[in-house]
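Take a first look at the fold below.

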Amino acid sequence: MANLKTMKTKALKNPAVRSEYDRLATEFDLADLLVTLRTRAGLTQEDLAKGLETDKSGISAIERGRGSWRMMQNYAGACGYRLMIDAIDLTATRASETGR
């Protein structure tokens with residue numbers, strides 16, 4: 001049976017899959033960041049839910065990027081972190097890729 005990494009590599013060879021994956025990359029990064037903060041804090045979803053006065057499904061939704069910015073800030077704060085936003089100049093990124 002193929003492992004997840006092999007399946008992902010194969011799927012990303014499909015241009016349509018790759019395009020959608022790239023489009024969602026920021027959401028995947030956010031989800032990964034939130035779970036990482038929680039695990040670094042040594043918290044389970046249940047622990048965090050109690051601290052944020054929600055339930056495990058609420059935490060799961062936040063970890064999938066379905067929460068408001070304020071809720072994500074509260075989530076990070078409960079884990080001992082503060083979220084920050086960064087902006088990337090896409091025109092500069094495109095220019096460097098094309099050699100302009």
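Leaving aside its neighbours within four places in sequence, which residues is Glu63 in contact with? They are Ala31, Leu34, Val35, Arg38, Gln45 and Tyr75. Contact means heavy atoms within 4.5 Å. Residues are numbered from 1 along each chain as its sequence is written, and side-chain values use heavy atoms, with hydrogens and water left out. This is a predicted model: local features need pLDDT of at least 70, side-chain atom pairs count only at pLDDT 80 or more, and totals for chains, interfaces and linings use all residues.

Glu63 sits in helix H5. Its relative accessibility is 7%, so Glu63 counts as buried (under 20% relative accessible area, with a 1.4 Å probe and protein chains only).

Now turn to a helix pair. The axes of H3 (residues 25–40) and H6 (residues 69–78) come within 9 Å and cross at roughly 30°. H3 is therefore roughly parallel to H6 (angles under 35 degrees). H3 contributes Leu30, Leu34, Val35, Leu37 and Arg38 to the contact, and H6 contributes Met72, Tyr75 and Ala76. By class, that contact has seven nonpolar, no polar and one charged residues.

Next comes the core. The largest nonpolar core has twelve residues, among them Leu34, Leu52, Ile59, Met72 and Tyr75. Such a core is a set of buried Ala, Val, Leu, Ile, Met, Phe, Trp, Tyr and Cys residues joined through side-chain atoms within 4.5 Å. H3, H4 (45–51), H5 (56–63) and H6 each supply at least two of its residues. The largest share, three residues, comes from H6.

Conventions: Axes are lines fitted to C-alpha atoms, for helices over the stretch in contact, and angles run from 0 to 180 degrees between N-to-C directions. Helices (H or I, at least four residues) and strands (E, at least two) are DSSP runs, numbered from the N terminus. Angles under 35 degrees count as roughly parallel, over 145 as roughly antiparallel, 65 to 115 as roughly perpendicular and the rest as oblique. Ala, Val, Leu, Ile, Met, Phe, Trp, Tyr, Cys and Pro count as nonpolar, Asp, Glu, Lys and Arg as charged, and the others, Gly among them, as polar. Buried means under 20% relative accessible area, exposed over 50%, partly exposed in between (1.4 Å probe, protein chains only).
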